[in-house]
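Thanks for coming. I will go through one chain, starting with the overall figures and then taking a few parts in turn.

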Amino acid sequence: MQIKIQILLLFVVFLINFCFTINHNQQHYDIVIDNKINNYENKNINNQFNDEYFENLGYDTNGTKCDICKFGINEVQKMIVSKQGIDDISKYAIDLCTYLHIEKAEVCNGLIPLFTNMTFNVLSYPTVSGEYVCGFVGFCPYVPRNSSNIINFPKPKPPHVAPIAPSSKSPTMKILHISDIHVDPVYQVGMNADCGEPLCCRAPNGPGVGGNAAGEWGHYLCDINMKMVESMFEFIDEEFGDEIDLVFWTGDNPPHDIWEQTYDSQINASQLVTNLVKKYFGQTAKIFPAIGNHESLPVNSFPLPPGSSWIFNALSYDWSDWINVDEQISNLQYGGYYTLPVQSGLRVISMNMNWCNNGNLYLAENSTDPANMLQWIVETLQASEDIGEKVYLVGHIPPGIPDCIDSWSEQLLQIVNRYEDTILASFYGHTHRDEFSVYYTPSDENDPSSPMRPSNVIYTTPSVTTYQNQNPSFRIFTVDANTGYLMESSTYHTDLNQANLNGKPTWLLEYNATKTYNIPDLTPISMDLAIQNMNSSSSMLEDYHVHYYSASPYPESKPCTSISCKLDYICKMKSAAYLKYYECIHHQVNNYLSNENDLSIKSHKKLNILLDLNNYLNKEVLKSC
């Protein structure tokens, strides 16, 4: 009986593969610490796969979670082979989910059947072992099959030409970046915002009391209501009008009611937001949408082509006003990605980042280059380089975070560094937070051990939705109209508490990046300087912390005063692949303890710092998706 409970519990974990009560990404934050950690050295992920390497980077190679996961997956696969009924196992999982109070009964009953087919399909693949699947979802170290993680490029990289910062007198364009709208059309004022379900503030949740009652303009624990979304679009229209030249809209349109969703509700949610974007910007701006992880059914599940054609075809119809070139319509309908020119000498590549999403269990079949998107990106960038064209990369899930398969992030890192003189910047959403990170490449292309220099920048815009503990936000980039180089990043928000108190929202400029971080422009060199400035200024890092949560009440209650907070932010900013985050952590800790000569004391201090960091990541860093 005990074995059956373990198997079913594991099955529930795989079925509920999302970021609410059970967060499989949390596993990435369990930092393993042993005596070997003091011998940590930077090693190249491309050629150094071994237990010691993974242990030193924080993975549980021999621990309970990894072993139980492998055992459980193998047992579930035996059930599948023995033709045990999928409905019977699903029912056991629902009962266990309810009995253990993993979620409320209605959530268990709605959610688990949505994931059943995907889970059984994936575990039925003949080449998928327990060890491989458990590595894929983060319980064990993950090494992709049949992949060296080395990208082969059609042409050698030309000599790097450092970007010239645009003149303040240059003509400019404005890019509006919006992401993670997650509008909830059935949000109801006065309902309970803390209902114990993944999404609340709805009539079935009953009335809330005091601070737990859904406000007229929203609540920090719920998705944004339609009234607030329309207020934001109206403000942008009134404040900027036809000054908006481009709109980067990077996905996640449906609300977080993932246990109640249907094919129709998913399509309707995207149509609702599409119609809003058309209404306010369709006549004056060029629109470049990207697909989020919430667009599919169930959440995160994007089967390899042609398995996702239902959502890709629906979106290609919705977006036909903007994506109307036959070749790119075909790309969108095949893999959810496309490319279009902005103007002469400048184009956008819109990527489907669900092909790196480690919540997408279908990628267990192929996580090296699903839907051939990486190869397509290389070919597109090479064509742009050949004619001297510059490129913006647009997508939903940022590389370098736990949600993006790290071997995939490592490949994208190679691509970005190879085409650093072609790619101007990358724009993402998904985390709901306001953040950025910098790509680095060896200063001597022929010597990988040479000092690293900044090569490109990832900009992650804060969410429109308030879910969770965010003020509704959007961002305006000012760019050189001739070259496309970024000149300024201006982030706007409204204070939700004040909106509910005053009976209307007031949209304000939250900050300009150049002023806040004391940098002259947004080139990679300048953004690296911003990181250096924050590393040496606790007040500037605290500003970043406040902006990270869009100046909501949360950072005020949890100020960034600990070593752990500083380590986490600085290393996130310096890591475009997640294993590099761990490398950065150990490098930063070693630097912090460089003046300690007593090896025993140094080892003890390092142990305490890493334990504190692990505790901070698991208890104080809010996670959304």
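The chain holds 20 helices and 12 strands. Please keep in mind that this is a predicted model. The chain has 625 residues, and 62% of them count as buried. If we take the contacts with a separation of 6 or more, 73% of them are between residues 24 or more positions apart. The accessible surface of the chain is about 24,000 Å², and carbon and sulfur atoms make up 51% of that.

Strand 4 and strand 5 run antiparallel and are joined by five bridges. To give a residue pair, Tyr338 has Ser350 in strand 5 as its bridge partner.

What packs on this sheet? Helix 12 itself has 13 residues and spans 18 Å from first C-alpha to last, close to the 18 Å expected at 1.5 Å a residue. How many of the residues of helix 12 are buried? The count is 13 of 13, so with buried meaning under 20% relative accessible area, helix 12 is mostly covered.

Next, helix 11, which covers residues 373-386. Helix 11 has 14 residues, and its end-to-end C-alpha distance is 20 Å, close to the 20 Å expected at 1.5 Å a residue. The buried residues in helix 11 are Met373, Leu374, Trp376, Ile377, Val378, Thr380, Leu381, Gln382 and Ser384. Where do these buried residues pack? Their partners include two helices, helix 10 at 326-335 and helix 12 at 406-418. They also pack against strand 4 (338-343), strand 5 (346-350), strand 6 (390-394) and strand 7 (423-428). After helix 11 comes Gly388, which has a positive phi, near 75°.

On to charged pairs. In general, side chains of opposite charge can pair when their charged atoms come close. With a cut-off of 4 Å from nitrogen to carboxyl oxygen, the count here is 16 salt bridges. I will show three of them.

One is between Glu216 and Lys227, with an N to O distance of 2.5 Å. Glu216 sits in the loop between strand 1 (172-178) and helix 7 (226-240), while Lys227 is in helix 7, so this pair ties together parts that are 11 residues apart in sequence. Are these two side chains' residues buried or partly exposed? Glu216 is partly exposed at a relative accessible area of 32%, and Lys227 is partly exposed at 38%.

Another salt bridge is formed by Asp321 and Lys278, whose closest N and O atoms are 3.5 Å apart. Asp321 belongs to the loop between helix 9 (309-318) and helix 10, and Lys278 to helix 8 (residues 263-281), so here the parts tied together are 43 residues apart in sequence. Lys278 has a relative accessibility of 26% and counts as partly exposed.

The last one I picked is Glu445 with Arg453, at 3.4 Å from N to O. Glu445 counts as partly exposed at 42% relative accessibility, whereas Arg453 counts as buried at 16%. Which residues join these two in a network? Lys157 and Glu420 do: through salt bridges that share partners, Lys157, Glu420, Glu445 and Arg453 form one network.

Finally, back to the loop between strand 1 and helix 7, where we find Asn192. Asn192 has a relative accessible area of 17% and is buried. What is Asn192 in contact with, leaving aside neighbours within four places in sequence? Its contacts are Cys200, Cys201, Asn205, Gly206, Pro207, Gly208 and Asn212. As for Ala203, it is 11 residues from Asn192 in sequence, and the C-alpha to C-alpha distance between the two is 8.3 Å.

That is what I have to show today.

Terms used:
Residues are numbered from 1 along each chain as its sequence is written. This is a predicted model: local features need pLDDT of at least 70, side-chain atom pairs count only at pLDDT 80 or more; totals for chains, interfaces and linings use all residues. Side-chain values use heavy atoms; hydrogens and water are left out. Helices (H or I, at least four residues) and strands (E, at least two) are DSSP runs, numbered from the N terminus. The expected span of a helix is 1.5 Å times one less than its number of residues. Buried means under 20% relative accessible area, exposed over 50%, partly exposed in between (1.4 Å probe, protein chains only). Contact means heavy atoms within 4.5 Å. A salt bridge is a side-chain nitrogen of Lys or Arg within 4 Å of a carboxyl oxygen of Asp or Glu. Accessible areas come from the Shrake-Rupley method with a 1.4 Å probe; for residues, only the protein chains shown count as cover. Two strands pair if DSSP finds at least two bridges between them.
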